[in-house]
Amino acid sequence: MKYFATILGFALGLTAATVATEVSAQNTVVKLDQFVVMRTIDGDLGVFLDDPFTDSLPPPQSEATFPSGTGTSYNVNPDNTDHVPFGANCQTTGCEDVGGKTTMEGAIGEPRTGITTIVPGGGVIIEATDITRFFRSQFRTNITPGSSSGLRNSHDIEVLGLFDFVEPLRATSHYGIELNDFGGGGRQDNLVLAVARATRGSNSLQPIITFFRIESGIGPDGENVLTPFVEGGHRLELEDFENNAQILLRLRTPADDPTVTAEFAFVNGPIDIADPIAVNGLIFTTFTTLTETPTIFDGEDFTRARFRMLQRRDQENEALLTAGSPTSISQLVDTGDLPITLNFSYRFTTITGVLTVTLGGTNLGTFNAPNPVTEGFGAAVLPVPAGLENMLDLELKFEIDGLSGSSVLIDTVLFPGISNGNFATEDLSDWTVVSSGEGSAEIIVVENSLFLPVTIDVKPNTDPNDINLSAGGVVPVAIFSTETFDAPDEVDPSSVLLAGAHARTVGNGRRTQCSSKLINGDELSDLICKFSIAELFLADGQSTVTLSALTFDGVEIQGEDSISIVP
């Protein structure tokens, strides 16, 4: 029995906010229980940062314990000896501390814009952008060359994150910890240890624990380049999530040695990860080491620690400004001491138009529509100039002018005191709208497809699709071709998953049991794959089953069909 997937089409569409839209409900919510950074202090490895997330304040404002004994935050230290001011995304987009945990919800993170990450020669891609949401909170330690403060090559360093163990629900999504060296000389890179859902390689769409490096801007077109250190990562099965409450991720690098060890442990009871005795007691029983080979100190003597989460987004509200005569949206804001920065994302949808951003009548920036129109959002970072500090009721205004019909999308306006800067409501009631003629300002829904929907048929030409979980054997599933989609030619057989199980292999695992066959009478060759019933994650009473896979071009496909579990 055939059943069309109900996931969004593989396209970027714009619809009015008042129109009902069908949106994937796959939203990952990650809870971080404790974040700890340790380093050599007075000759011994000691706690440098311990945040148990118990004060109901988002990082970087949440209280933490530093060697000085002062109750401080991620971004406060007047003498600047160990850490420097930093405004992390968790401060403005979520990460509330509730019940001893900080919560990162994929649907409300910061949009990633204009960054592409590639993998030379294929492999696991974790970070794809323009349609992602991102959380990060960095312990921004001192990076002054030659200083002994912060996290240095001369220190023993450990970074630990204790997370509630949940499965990332979308391809490319992940959560974890990292070391990075942005802001100094040498290679600009991140080392990330994460729980992820991969999108390429033998474990495509499979939950994994992965360790990878992202190097900034070294691709042929200035892309970031991602390199996994363990091909395919450590594969996670459904029972891993069912049987373990938490996961502890740890990165370690010894003094005067640039190599970094990545390891993880499942945790099923109370533990204080700032207690070395408690943590080290796990090493000999449940810690698993991924690798010890990569390095973090490459031309610089410092590193920094961060926790992070990334999720692809399926829908986003934007403000759409269309010019007739000039059209604008504005709010009254107050300013404090400098420095103050206005951040927002924007994308012109026409090749004409000029966007001007002003504060109290002072021009902060002007943006011209590109020709041709670009698909990704641009990120604007505009500093407030001297003379506008400590003032009340200044008008912050976004205005588009130009040929009638010129339009621009605006998203995620970050500024102190701004209301509805992410345009989460169905109208612009928090903003003052000025337009006339054919000009308009409205909130629209931008839909970003997560999957290319395909039609599948479990047990082709059989109805109903009975599956006996105790009988063993195999179940065939067909992926149907269309005039624009050639399943046998485009789908990577090694990536096909049905209810968590890969297609069967033969010849010592060298060949996947998928083949081309005419099935549904449309004279188009379809792809049929066989799966071992014993490997399917199905429950009694389950009425549908989902198949997912990747094309050789890296596009994720998904289809669904009805089934009947029988004794």
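Colleague: In β29, which residue is the bridge partner of glutamine 331?

Modeller: Keep in mind that this is a predicted model. Strand β24 spans residues 327-333, and 7 bridges join β24 to β29 in the antiparallel sense. In β29, the residue bridged to glutamine 331 is leucine 396.

Colleague: In which order do the 5 strands of the open sheet come?

Modeller: β24 is joined to β29 by 7 antiparallel bridges and pairs with β31 over 3 bridges, also antiparallel. Strand β26 (residues 354-359) pairs with β29 over 6 bridges, again in the antiparallel sense. The 5 strands form an open sheet with antiparallel pairing, and their order is β27-β26-β29-β24-β31.

Colleague: Which are the edge strands, each pairing on one side only?

Modeller: The sheet is open, with the order β27-β26-β29-β24-β31. Its neighbouring strands are turned by 15° against each other on average, direction ignored. The strands that pair on one side only are β27 (362-368) and β31.

Colleague: Which residue in β31 is the bridge partner of serine 328?

Modeller: β24 and β31 pair in the antiparallel sense over 3 bridges. In β31, serine 328 is bridged to valine 434.

Colleague: And which residue of β29 does threonine 356 stand opposite?

Modeller: Strand β26 covers residues 354-359 and has 6 antiparallel bridges to β29. The residue in β29 opposite threonine 356 is glutamate 399.

Colleague: How many of the 7 residues of strand β24 are buried?

Modeller: A residue counts as buried under 20% relative accessible area. Strand β24 is largely enclosed by the rest of the structure, because the buried residues among its 7 number 6.

Colleague: What about strand β14: how many of its 7 residues are buried?

Modeller: On one side of β14, His174, Gly176, Glu178 and Asn180 are buried, and on the other Tyr175, Ile177 and Leu179 are buried, so both faces are covered by the definition of buried as under 20% relative accessible area. For strand β14 (residues 174-180), the number of buried residues is 7 of 7.

Colleague: Which residue of β15 stands opposite glycine 176?

Modeller: β14 pairs with strand β15 (residues 189-197) in the antiparallel sense, over 7 bridges. Opposite glycine 176, the residue in β15 is alanine 194.

Colleague: Which residues are linked into a cluster by ring pairs?

Modeller: The count comes to 12 aromatic pairs. One of them is tyrosine 346 with phenylalanine 348, edge-to-face at 6.3 Å centre to centre and 85° between the planes. Tyrosine 346 and phenylalanine 348 are both buried. The cluster consists of Phe344, Tyr346, Phe348, Phe367, Phe398, Phe423 and Trp431.

Colleague: How many residues apart in sequence are the parts tied together by cysteine 514 and cysteine 529?

Modeller: The model has 1 disulfide, in which the sulfur atoms of cysteine 514 and cysteine 529 are 2.1 Å apart. With 115° about the S-S bond, the link is right-handed. Because cysteine 514 lies in strand β41 (residues 514-518) and cysteine 529 in strand β42 (residues 525-532), the parts tied together have a sequence separation of 15 residues.

Colleague: Is cysteine 514 buried or exposed?

Modeller: The cut-off for buried is under 20% relative accessible area. Its disulfide partner, cysteine 529, has 1% relative accessibility and so counts as buried. Cysteine 514 has a relative accessible area of 16%, so cysteine 514 is buried.

Colleague: What distance separates the C-alpha atoms of glutamine 558 and proline 453?

Modeller: Glutamine 558 is in strand β44 (residues 556-562) and counts as buried because its relative accessibility is 12%. Proline 453 is 105 residues away from glutamine 558 along the chain, yet their C-alpha atoms are separated by 5.2 Å.

Key. Residues numbered from 1 in each chain as written. Predicted model: local features only at pLDDT ≥ 70, side-chain atom pairs only at ≥ 80, totals over all residues. Heavy atoms only, no water. Phe/Tyr/Trp six-rings, centres within 6.5 Å; stacked < 30°, edge-to-face > 60°. Buried < 20%, exposed > 50% of the residue type's maximum accessible area, 1.4 Å probe, protein only. Disulfide = S-S within 2.5 Å. Helix = DSSP H or I, 4+ residues; strand = E, 2+ residues; numbered from the N terminus. Pairing = 2+ DSSP bridges. Axes fitted to C-alpha atoms, helices over the stretch in contact; angles between N-to-C directions.
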